[in-house]
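Here are some notes for a colleague who is opening this structure for the first time. Please keep the sequence and the structure in view while reading the points below.

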Amino acid sequence: MNFPKMKDEATLKKLTPPTSKVRMVLDTDTFNEVDDQFAIVYALQSQDQLDVEAIYAAPFHNSKSSGPEDGMEKSYDEILRILQRINVSSENFVYKGSRGYLQSSEHPYHSEAALDLVNRAMTATEDSPLYVVAIGAITNIASAILIEPKIVGKIVVVWLGGNALHWPDTKEFNLKQDVLSAQVVFNSGVPLVQIPCMGVTSHLHTTLSEVENFVAGKGAIGDFLAKRFKDYHDDHFAYSKVIWDISAIAYLIHNDKAVPTQLVHSPILTDQVTWSFDSSRHFMRYAHHVNRDVIFKDLFMKLAKSQA
């Protein structure tokens, strides 16, 4: 697949961390765990910094779904449950994504989500790109790029996916479900901010005690998030849960204060699901750390403020 080749200057400009309010869409496998729910609420409670234009349901397959299509449908339903509790309409706002994983770059999924992303991206300008925040398998984004390659120059993808570049493999849940889609994104030259899981966001933990103190009781949505967290694990004694996905939201809000990043050459994602390196490849922005306390403090304060 031939993608539009961006000049380094244009790529680097789009990879400069934003300092003002941005347009964004959120692509999420919401029912997969409990962290996507927190990320959606965090984004929607950050309206001073983020203009969330749409939410897309992404496919997933684990013990909570019978397959990627079922995972996408369950994610869609979970998004509706969240919006209901914060009195946000889902009309022309929530879109269903692909019903499977990418099998061929010649046959992208023409889902509601992918087509909506293409349409929104094409309205973006040089000075105001559309930020595409992906916190699940990246099928919808890869499909949109394959449907209309011109959006490579219109968007900035912020993806919570893969493991750290020093990790022995990158068989992380979001990435390993749809390796081909991840390869499309990494090879397309689209301005990309990668926020890895193991080795970077893997210490973004919270506990039931903290959730009961700072999330439960903060309205219907706080109680919903707290229950999802409590029900996720049977025994909370000496247990903590990583809430990876909120890091992608925090990057757009606080940049280096919350999610320090650096420019690197985009790695090559091999068929063996490992990283390989070539310094002649295009640039991307890579998160090498997350400030756990800054991120959770901001999230908890916004939950409290929304109920004040």
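1. In the largest nonpolar core, which has 106 residues, Ile 246 and Ile 249 touch the most other members. A nonpolar core is here a set of buried Ala, Val, Leu, Ile, Met, Phe, Trp, Tyr and Cys residues joined through side-chain atoms within 4.5 Å, where buried means under 20% relative accessible area, exposed over 50%, and partly exposed in between, with a 1.4 Å probe and protein chains only.

2. The model is predicted, so local features need pLDDT of at least 70 and side-chain atom pairs count only at pLDDT 80 or more, while totals for chains, interfaces and linings use all residues. Residues are numbered from 1 along each chain as its sequence is written, and side-chain values use heavy atoms, with hydrogens and water left out.

3. If residues up to four places away in sequence are not counted, Ile 246 touches Phe 38, Ala 39, Tyr 42, Leu 204, Ile 295, Phe 296 and Leu 299, contact being heavy atoms within 4.5 Å. In soluble globular proteins, nonpolar side chains tend to be buried together.

4. Gln 183 belongs to helix α7, which covers residues 179–188; helices (H or I, at least four residues) and strands (E, at least two) are DSSP runs, numbered from the N terminus. Gln 183 counts as buried because its relative accessibility is 13%, and, leaving aside neighbours within four places in sequence, Gln 183 is in contact with Leu 269, Thr 270 and Asp 271.

5. The largest pocket holds about 280 Å³ of space. A pocket is an open set of points on a 1 Å grid over the protein atoms alone, with protein on both sides within 12 Å along at least five of seven lines, and lining residues have an atom within 4 Å of a point; grid points are joined across faces, edges and corners, and a volume is the space filled by probe spheres set on the points. Of the 15 lining residues, Lys 5, Met 6, Ser 188, Gly 189 and His 282 lie nearest the centre of the largest pocket, and α1 (8–14) and α7 each supply at least two residues of this lining.

6. Strand β2 (residues 50–57) is largely enclosed by the rest of the structure, because 7 of its 8 residues are buried. β1 and β2 pair in the parallel sense over 7 bridges, pairing requiring that DSSP finds at least two bridges between two strands. Within this pairing, Arg 23 has Asp 51 in β2 as its bridge partner.

Notes:
1 Å grid on protein atoms, 1.4 Å probe; cavity = no way out; pocket = protein on both sides within 12 Å on 5 of 7 lines; lining within 4 Å.
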